[in-house]
Amino acid sequence: MSHQPVIVINPNSDERVTQGLRDAISELDCSVPVECVTLQGAPLAIESRADIEALEPLLPAYIHSREDARAVVVACYSDPLIEQCRAIANVPVFGIQSSAVLTALAMGGYYGVLALSDVSIARHQAYLEKLGLLNQCIGERSLNLSVDDTQSPERVKDRLVEVGKQLISDGASCLILGCAGLSAYRRELSAQLNIEVIDPTQASVILAMGQAQLSGEFFES
């Protein structure tokens with residue numbers, strides 16, 4: 001059991017995002033193998049309802065095919081198709097939005113979210129309301145960027161600092177990066193703003209390893 005990996009799925013087809021996930025997870029002290037994969041045939045970005053619908057024949061099927069998985073992380077901040085994925089999987093499936101919010105709640109205070117776009121904010125907020133996790137959210141502000149823009153460091157860094165300061169002024173005691181493609185900026189943003197910044201994919205992997213430990217089925221390899 002200890003050699004079974006946690007599978008982190010980038011449900012878009014941009015390999016640059018997947019590599020960013022690998023880099024982020026390499027910062028963690030992982031006690032089990034973690035494998036990051038790109039979902040083949042998926043849209044280049046998950047930015048609309050149509051993009052999510054395009055995942056319906058792909059994402060649950062891929063999860064079902066990975067019988068070697070110890071747990072699965074769906075690395076898209078809106079937790080697309082999470083209920084369908086859990087229904088078909090024989091292992092725990094973690095969404096990065098819910099994982100990040102649960103991590104923020106454990107820290108106490110209010111959290112703020114750095115979202116890519118106004119469109120994504122509406123989707124995120126509706127999901128949090130459904131989960132009953134909206135009360136401690138001080139707000140979610142848009143970076144006005146696309147998923148592709150996340151690969152342009154100078155533009156992204158400036159916007160993260162600007163919007164992060166706004167959320168802190170709103171009353172946030174920690175910040176959540178509202179897109180898996182923002183992983184590379186966590187450390188620098190946290191240092192610049194002197195505040196805890198949560199990378200949602202890291203949060204999910206940590207929860208996945210913790211769940212395995214609590215289940216009594218995971219031992220040091």
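## Helix 8 and its strands

In this predicted model, helix 8 (residues 186–193) lies across strand 5 (111–115), strand 7 and strand 8, where contact means heavy atoms within 4.5 Å. The helix runs at about 155 degrees to strand 8, with axes fitted to C-alpha atoms, for helices over the stretch in contact, and angles from 0 to 180 degrees between N-to-C directions. Helices (H or I, at least four residues) and strands (E, at least two) are DSSP runs numbered from the N terminus.

Four strands form an open sheet in the order 6-5-7-8 with parallel pairing, a pair requiring at least two DSSP bridges. Strand 6 (137–142) and strand 8 (196–198) stand at the edges with a single partner strand each, so one side of each has no neighbour in the sheet. On average, neighbouring strands of this sheet are turned by 25 degrees against each other, direction ignored.

Strand 7 (residues 174–178) is joined to strand 8 by three bridges, and the two run parallel; I176 stands opposite I198 in strand 8.

## The whole chain

The protein chain has nine helices and eight strands, and 52% of its 221 residues count as buried, meaning under 20% relative accessible area with a 1.4 Å probe, protein chains only. Its C-alpha trace spans about 45 × 35 × 35 Å along the principal axes.

## Basis of the values

Residues are numbered from 1 along each chain as its sequence is written, and side-chain values use heavy atoms, leaving out hydrogens and water. Because the model is predicted, local features need pLDDT of at least 70 and side-chain atom pairs count only at pLDDT 80 or more, whereas totals for chains, interfaces and linings use all residues.

Technical notes
Buried means under 20% relative accessible area, exposed over 50%, partly exposed in between (1.4 Å probe, protein chains only).
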